[in-house]
Amino acid sequence: MSEDGDDGPDVPADGACEGAVGVLVVEDEPEFLRRFAQAVAQDPALRLLQAVATGGEALAVLERERPDVMLVDLGLPDMSGLAVMHDAVKRYPEIDILVVTMFGDDHHVLRSIEMGATGYLLKDAALERIGSAIRELHAGGSPISPSIARRVLNRFRGGGAAPSAPAPPPEDGGDALSERETQILRLIAKGLSFKEAGAALGISPHTVAVHLKRIYRKLAVHSRGEAVYEARLLGLL
């Protein structure tokens with residue numbers, strides 16, 4: 001995590017060895033950002049260049065520095081992580097990109113691969129694996145969460161089925177929208193921004209974004225428009 005005007009990360013990388021792999025971390029959730037940055041900084045084979053929370057900050061870093069590896073979340077508050085990946089690959093074709101996200105659906109996985117990702121981990125992956133996954137990626141490997149790898153293989157084997165109609169939310173299951181998520185979705189459906197929705201509910205814009213990503217996962221959608229449309233189909237709005 002970097003302070004405004006400070007080019008250095010706040011997690012020291014004193015243990016990095018000569019020739020260490022330079023890593024840019026792009027993650028909007030503060031706890032994950034801190035833990036990913038620590039995982040990199042504490043690995044002597046890696047060097048933490050920057051740890052930033054928005055796509056805009058990432059693009060600014062890419063203008064100044066050339067990371068060997070970029071670890072990026074897809075659901076950033078100001079732009080898609082896919083857009084950051086596109087810019088990174090355009091600037092530095094040899095960069096290795098590790099996606100670490102909560103989105104495990106075919107659309108996000110395949111789009112990430114198309115944009116240049118060579119590794120894809122879900123956030124339920126053990127944090128201890130982050131350092132080894134980055135090293136594996138830089139060495140020419142492709143670290144992928146097992147559930148994602150199986151789905152990708154099935155698609156290339158011709159086993160990928162056409163997208164099915166969304167299943168209705170379970171009557172009492174964990175994937176039903178919470179009251180807070182429904183409140184946020186209603187405000188977003190009215191066209192309110194993250195800041196405006198947060199002000200209406202007394203929470204931060206970041207918290208709104210976190211809730212919205214959970215809504216995307218539960219509804220199996222990828223945008224605010226799709227979330228609103230799907231919620232209306234399911235009678236949630």
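Both faces of strand β4 are covered, with Asp-96, Leu-98 and Val-100 buried on one side and Ile-97, Val-99 and Thr-101 buried on the other. Buried means under 20% relative accessible area, with a 1.4 Å probe and protein chains only. This is a predicted model, in which local features need pLDDT of at least 70 and side-chain atom pairs count only at pLDDT 80 or more, while totals for chains, interfaces and linings use all residues. Residues are numbered from 1 along each chain as its sequence is written, and side-chain values use heavy atoms, without hydrogens and water.

**Whole protein**
- The protein has 10 helices and five strands. Helices (H or I, at least four residues) and strands (E, at least two) are DSSP runs, numbered from the N terminus.
- Of the 237 residues, 42% are buried.

**Strand β4 and its partner**
- β4 spans residues 96-101, and six of its six residues are buried.
- Strand β3 (residues 69-72) runs parallel to β4, joined by four bridges. Strands pair if DSSP finds at least two bridges between them.
- Val-72 has Val-99 of β4 as its bridge partner.

**Helices α7 and α10**
- The axes of α7 (residues 179-189) and α10 (residues 224-233) come within 10 Å and cross at roughly 115°. Axes are lines fitted to C-alpha atoms, for helices over the stretch in contact, and angles run from 0 to 180 degrees between N-to-C directions.
- α7 and α10 are therefore roughly perpendicular (65 to 115 degrees).
- Leu-185, Ile-188 and Ala-189 of α7 meet Arg-224, Ala-227, Val-228, Ala-231 and Arg-232 of α10. Contact means heavy atoms within 4.5 Å.

Technical notes
Angles under 35 degrees count as roughly parallel, over 145 as roughly antiparallel, 65 to 115 as roughly perpendicular and the rest as oblique. Buried means under 20% relative accessible area, exposed over 50%, partly exposed in between (1.4 Å probe, protein chains only).
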